[in-house]
Amino acid sequence: MSPRVFFITGTSTGFGLELTKIAISKGDSVCATARNSSKLSPPEGATDKNYLAVDLDVTKKESIEKAFETAYEHFGRIDVVVNNAGYGLGGEFESLSEKQIRTQMEINFFGLLDCTRKAMQIMRERNSPPGGVIQQVTSIGGQRGVPIFSVYCASKWAVEGFTEAISQEVKPEWGIKFTCIEPGGFRTDWAGRSMDFGEEKCAAYDHIDAKKQMGERNGTQAGDPHKGALAFYELAVMKDPPLRCVVGTDAYAAINGKLDTYRESVKKFEKLSNSTDVDGYQKPS
């Protein structure tokens, strides 16, 4: 295949920055976005032809529209959209203000929805031939609930359900593929500078100190961001990418633990689950 055009959100640090470097090094082109793209540094090998830095605030529809249009006008198509922008909101649920909760959902969920809508339109109607890959960077927290990350997990679970549903709505001839990438812990800024914490500490939760817990974790995670981004790239260029893929040894162990307990619980309550049909009901053939 000819060089791909990547459109990546959240490229200031972490996975977004590393994936930008990798895509350029592989001979692809990148539209790298950030709220203030003037602070982005072009990676090695970047030229005016294969690299474009664009402002993007995912909470503003007009910003999304402008960023995608600028990228399309520059490159003539968009092959891979990586919805990577997002952040973590930590703290026990009762410490989180309504404003913090809504902001978490605006960025991690609603902003991603708006980017996905625009990406699908371009890939279906304007790419020639049509098609592309949309990667949703969720989290292992999008597959299991993690204490002190209730609303963060809610935002990622929402993305997972949304993406699974729309992946079944598109026509095969549109050529649009979706992948939810579910990282575990990586040594990015996610658990450090980028994280927000609850602002209304409740005295009842004297057994939880989210800031201390994440401070101790930051920088000690198993995951290497560059290796994680290499996995993102491999998934992006696959002929038939999976709907979901965990990334990281901790995420792999966690998802298998979740599957085991989930399966055990479903089986345990099999009789109850199957006790509610109308008398005489026959399943359609």
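Colleague: Which residues does glutamine 100 touch, not counting residues up to four places away in sequence?

Modeller: Contact means heavy atoms within 4.5 Å. On that basis glutamine 100 touches Tyr87, Leu89, Ser95, Asp196, Phe197, Gly198 and Glu199, residues up to four places away in sequence being left out. Please note that this is a predicted model, in which local features need pLDDT of at least 70 and side-chain atom pairs count only at pLDDT 80 or more, while totals for chains, interfaces and linings use all residues. Residues are numbered from 1 along each chain as its sequence is written, and side-chain values use heavy atoms, with hydrogens and water left out.

Colleague: Where is glutamine 100 placed, and is glutamine 100 buried or exposed?

Modeller: Helices (H or I, at least four residues) and strands (E, at least two) are DSSP runs, numbered from the N terminus. Glutamine 100 belongs to helix α3 (residues 98-125). Buried means under 20% relative accessible area, exposed over 50%, and partly exposed in between (1.4 Å probe, protein chains only). Glutamine 100 has 6% relative accessibility and therefore counts as buried.

Colleague: How many aromatic pairs are there?

Modeller: Rings of Phe, Tyr and Trp (its six-membered ring) pair if their centres lie within 6.5 Å; planes under 30 degrees apart count as stacked, over 60 as edge-to-face and the rest as tilted. The count by this rule is six aromatic pairs. One of them is stacked: phenylalanine 6 and tyrosine 233, at 5.7 Å centre to centre with 15° between the planes. This pair links distant parts of the chain, 227 residues apart, with phenylalanine 6 in strand β1 (residues 5-8) and tyrosine 233 in helix α6 (residues 225-237). Phenylalanine 6 and tyrosine 233 are both buried.

Colleague: Why is the pair of phenylalanine 7 and phenylalanine 68 stacked?

Modeller: The ring centres of phenylalanine 7 and phenylalanine 68 are 3.9 Å apart and their planes lie at 15°, so the pair is stacked. Here strand β1, holding phenylalanine 7, is linked to helix α2 (residues 61-75), holding phenylalanine 68, across 61 residues. Phenylalanine 7 and phenylalanine 68 are both buried.

Colleague: What does isoleucine 78 touch?

Modeller: Among its contacts are Phe7, Phe68 and Tyr72. Isoleucine 78 lies in the loop between α2 and β4 (80-83), and its 2% relative accessibility is why isoleucine 78 counts as buried.

Colleague: Which residue lies over the face of tyrosine 72?

Modeller: A charge sits over a ring if NZ of Lys or CZ of Arg is within 6 Å of the ring centre and within 35 degrees of the ring normal. Arginine 126 lies over the face of tyrosine 72, 4.3 Å from the ring centre.
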